[in-house]
Amino acid sequence: MIRPPRKRSRPAKQAIISMKQRHAFVVTMDSFERLLWWLFAGSAGARTRALVLFNLKDQPKNAQQLSQSLHLDYTTVRHHLRVLETNKIVLAEGDKYGRVYFVSETMESHCPTLEEILKRAHGKAKELRG
C-alpha cells in the first residue's frame, strides 16, 4: 500500500525573529503581536507612533492637543492617528476637528507585549549603533 506524503503542519503563531545573524530564535506570537512589531519596531515612524500612543494612554486627546503636548506638526500627528486607528490601536469619538482619541481595549490588554517589543527593538538599535 502506498501512503500519500504527510503534510507538515507548522503552527501558524510562530515567527522567527533574528536579532543577530548567528542568533535567530523562534517566538510564539499572535497576529496582533505581529502588528505591534510592524507598527512600533519595524516601520518608519515607529517612534512617533509610540509617543502618540503613550500620550493617549495617559489621557484621551484630540489631534490638536496631541500636537501641542508632543511638539509635533499637526499633519504628522493626524497621519499617525490614522495609522493607529486603521489598525485598531486607538479608537475615536466625535466629528472632524473635535475627534477625541482613546487607546483601544485590545491595545490596553497588549501593553505588556508592546513594552517587551520596545525593549527588544531598543536593544537592537543600540547594537546596530555600536
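A: Let's start with one residue. Val52 sits in helix H2. Helices here are DSSP runs of H or I with at least four residues, strands are E runs of at least two, and both are numbered from the N terminus. This is a predicted model, where local features need pLDDT of at least 70, side-chain atom pairs count only at pLDDT 80 or more, and totals for chains, interfaces and linings use all residues. Residues are numbered from 1 along each chain as its sequence is written, and side-chain values use heavy atoms, with hydrogens and water left out.

Q: Is Val52 buried or exposed?
A: Val52 is buried, because its relative accessible area is 0%. Buried means under 20% relative accessible area, exposed means over 50%, and partly exposed is in between, using a 1.4 Å probe and protein chains only.

Q: What does Val52 touch?
A: Leaving out residues up to four places away in sequence, Val52 touches Leu66, Leu70, His80, Leu81 and Leu84. Touching, or contact, means heavy atoms within 4.5 Å.

Q: How do H2 and H4 pack?
A: Their axes are 10 Å apart, at an angle of about 80 degrees. Axes are lines fitted to C-alpha atoms, for helices over the stretch in contact, and angles run from 0 to 180 degrees between N-to-C directions. So H2 is roughly perpendicular to H4. The cut-offs are under 35 degrees for roughly parallel, over 145 for roughly antiparallel, 65 to 115 for roughly perpendicular, and oblique for the rest.

Q: Which residues make that contact?
A: H2 brings Thr48, Arg49, Val52 and Leu56, while H4 brings Thr76, His80, Leu81, Val83 and Leu84. The residues of this H2 and H4 contact split into 5 nonpolar, 3 polar and 1 charged. Nonpolar covers Ala, Val, Leu, Ile, Met, Phe, Trp, Tyr, Cys and Pro; charged covers Asp, Glu, Lys and Arg; the others, Gly among them, are polar.

Q: Thr48 is on that list. What else does Thr48 touch?
A: Not counting residues up to four places away in sequence, Thr48 touches Leu72, Thr76 and His80. Thr48 is in helix H2 too. Thr48 counts as buried because its relative accessibility is 17%.

Q: And how do H2 and H3 cross?
A: Their axes come within 11 Å and cross at roughly 110 degrees. That makes H2 roughly perpendicular to H3. Leu51, Val52, Asn55 and Leu56 of H2 meet Leu66, Ser69 and Leu70 of H3. In this H2 and H3 contact, 5 residues are nonpolar, 2 are polar and none is charged.

Q: New topic. Which residues of the largest nonpolar core touch the most other members?
A: They are Leu36, Phe40, Leu53, Leu56, Leu81, Ile89 and Met107, in a core of 26 residues. A nonpolar core is a set of buried Ala, Val, Leu, Ile, Met, Phe, Trp, Tyr and Cys residues joined through side-chain atoms within 4.5 Å. H1 gives the most to this core, with 6 residues.

Q: What is Leu53 in contact with?
A: Setting aside neighbours within four places in sequence, Leu53 is in contact with Phe40, Ile89, Val90, Val103, Met107 and Leu114.

Q: Now the loops. What is the phi of His71?
A: His71 has a positive phi of about 55 degrees, although His71 is not a glycine. Most residues other than glycine have a negative phi. His71 is in the loop between H3 and H4. His71 counts as exposed because its relative accessibility is 72%.

Q: What about the phi of Lys88?
A: The phi of Lys88 is positive as well, near 60 degrees. Lys88 lies in the loop between H4 and S3. At 55% relative accessibility, Lys88 counts as exposed.

Q: Where is Gly42?
A: Gly42 is in the loop between H1 and H2. Gly42 is exposed, with a relative accessible area of 59%. The C-alpha atoms of Gly42 and Ala121 are separated by 8.5 Å, though these residues are 79 apart along the chain.

Q: Last one. How many helices and strands does the protein have?
A: The protein has 6 helices and 4 strands. Along the sequence, the pattern is β-β-α-α-α-α-β-β-α-α. Buried residues make up 32% of the 130 residues.
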